[in-house]
Amino acid sequence: MSNQVEGYLLWQARVAESEQRAREFTAPMDWLTTSQRVAIERAYTADSLRRARADLEHIVTRCASLRAEYEHRYRQLRRHCLAWTLTVGTALTTVTTALGFLRTR
């Protein structure tokens, strides 16, 4: 739930930033009528938010890809460590058994 709230607040900050940048973009254009200024600001804000959404979707996709990569690598490392542990354990058991056998002779 807190992630959703944080995401919502971050998006609202992005919206406010986009609107501010749109106002700054149209500020020097003093020849625009009020309706033209509003239309340009809306279009600028919409474009900015579309780009931000595309960037976020790209990040989400990349995060999922990295997670899958890391999980795969972790499974490989875990199997590798288990194999080494079993190999060393088996070798130690064999050596210990052989030494015990030799001592009893």
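M1, V5, Y8 and L9 form a nonpolar surface patch of about 480 Å². Patch members have over 30% relative accessible area and no salt bridge, with nonpolar side chains (Val, Leu, Ile, Met, Phe, Trp, Tyr) joined within 5 Å and like charges within 9 Å. A salt bridge puts a side-chain nitrogen of Lys or Arg within 4 Å of a carboxyl oxygen of Asp or Glu. This is a predicted model: local features need pLDDT of at least 70, side-chain atom pairs need 80 or more, and totals for chains, interfaces and linings use all residues. Residues are numbered from 1 along each chain as its sequence is written, and side-chain values use heavy atoms, without hydrogens and water.

**Fold and dimensions**
- The protein has two helices and zero strands (DSSP runs numbered from the N terminus: H or I, at least four residues; E, at least two).
- Its C-alpha atoms fill a box of roughly 105 × 20 × 15 Å along the principal axes.

**Surface**
- Accessible surface is about 9,200 Å², 62% of it from carbon and sulfur atoms (Shrake-Rupley, 1.4 Å probe; for residues, only the protein chains shown count as cover).
- Buried residues are 10% of the 105 (buried is under 20% relative accessible area, exposed over 50%, partly exposed in between; 1.4 Å probe, protein chains only).

**Residues to locate**
- L9 sits in helix 1 (residues 2-26) and counts as exposed because its relative accessibility is 52%.
- R53 belongs to helix 2 (residues 34-104).
- R53 is also exposed, at 52% relative accessible area.
- R53 and G7 are 46 residues apart in sequence, yet 12 Å apart in space, C-alpha to C-alpha.
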